[in-house]
Amino acid sequence: MSNLSFKQFTLQGPEAAKFLQSQLTVNVDKIGLSYLPAAIANLKGRIEFGIWVKKQSEDQFDIVIAADCLPSLQAHIKKYGAFSKITTSEPIDIYPCVLGSESNTEEATFSQTADNCDIDKWQALSIATGNYWIVEATQGQFQPQELRLHQRGGVDYDKGCYIGQEVIARIYFKASPKAFLHRVKGQGEVPQAGESMDKIQVVNATATEDNSGFEALVVARPEHLEDSELELLDLPPALQASVAREA
């Protein structure tokens, strides 16, 4: 059984949307009633906080984050939101679960009750669909484009300024990451988040269903994967596309 856990809190107030617009990689206007993957970056343009966010109302947003990252996110909001008209609720437990979607496919999401929630199943589906999660060990390691967050609607390159925005935009418009997200299968013990397998960085990993090895989301150059003993697996079609900006 995984020891991974998540917390949810509500950020609200007349300046909640304005505050989040200055923080998130995604345009606040695109946040709806379903959990949207997003990020808060650091000054180097790397993901400090990987979150899911949904809008309850124009001035009320629910934010989900891995439990071990919660204290540093609370400190971040206290620092940057000191002069904003916002408040945050007491965090509650939120449970990773797998639900059916409108397209008759399964979706990795969250529930406020633990009923019928299986975190191992959630991790397996998340890895299969590129739904990475940032934990304390991987804070500040990855740039959003490396994790294909822009291909999941979690980055807007035409929105206003936010922390790390200049670096993130420069990489997108003037360059392209040489290492990026892949889904792989391997033998042996399950690697830890943040672990480096030679030149391949582990984002998330979980044991295969038969416990014969592991499946993982990794950030790597394609040539380094080719030289490894890892088996490359498919991601959803939208995440198979090039991470570079379309010409």
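**Strands, a helix and a loop residue**

Mentor: Strand 8 and strand 11 (residues 213–220) pair in the antiparallel sense over 8 bridges; strands pair if DSSP finds at least two bridges between them. This is a predicted model, in which local features need pLDDT of at least 70, side-chain atom pairs count only at pLDDT 80 or more, and totals for chains, interfaces and linings use all residues. Residues are numbered from 1 along each chain as its sequence is written, and side-chain values use heavy atoms, with hydrogens and water left out.

Trainee: Which residue of strand 11 is the bridge partner of Q187?

Mentor: Strands here are DSSP runs of E with at least two residues, and helices are runs of H or I with at least four, numbered from the N terminus. Within strand 11, Q187 has as its bridge partner G213.

Trainee: Which residue of strand 12 is the bridge partner of R183?

Mentor: Strand 8 also runs antiparallel to strand 12 (residues 231–233), joined by 3 bridges. In strand 12, R183 is partnered by L233.

Trainee: How many of the 8 residues of strand 8 are buried?

Mentor: Buried means under 20% relative accessible area (1.4 Å probe, protein chains only). Strand 8 (residues 180–187) is largely enclosed by the rest of the structure, because the buried residues number 6 of the 8.

Trainee: Which residue caps the N-terminal end of helix 3?

Mentor: Helix 3 spans residues 119–129, and its buried residues include W122 and L125. At the N-terminal end, a side-chain oxygen lies 3.0 Å from the backbone nitrogen of D120, and the capping residue is D118.

Trainee: What is the relative accessible area of T25?

Mentor: T25 is found in the loop between helix 1 (16–21) and strand 2 (36–41). T25 is buried, and its relative accessible area is 0%.

Definitions and conventions:
Buried means under 20% relative accessible area, exposed over 50%, partly exposed in between (1.4 Å probe, protein chains only). A polar contact is a pair of N or O atoms within 3.5 Å; within protein, one must be able to donate a hydrogen and the other to accept it, and residues adjacent in sequence count only if both atoms are side-chain atoms.
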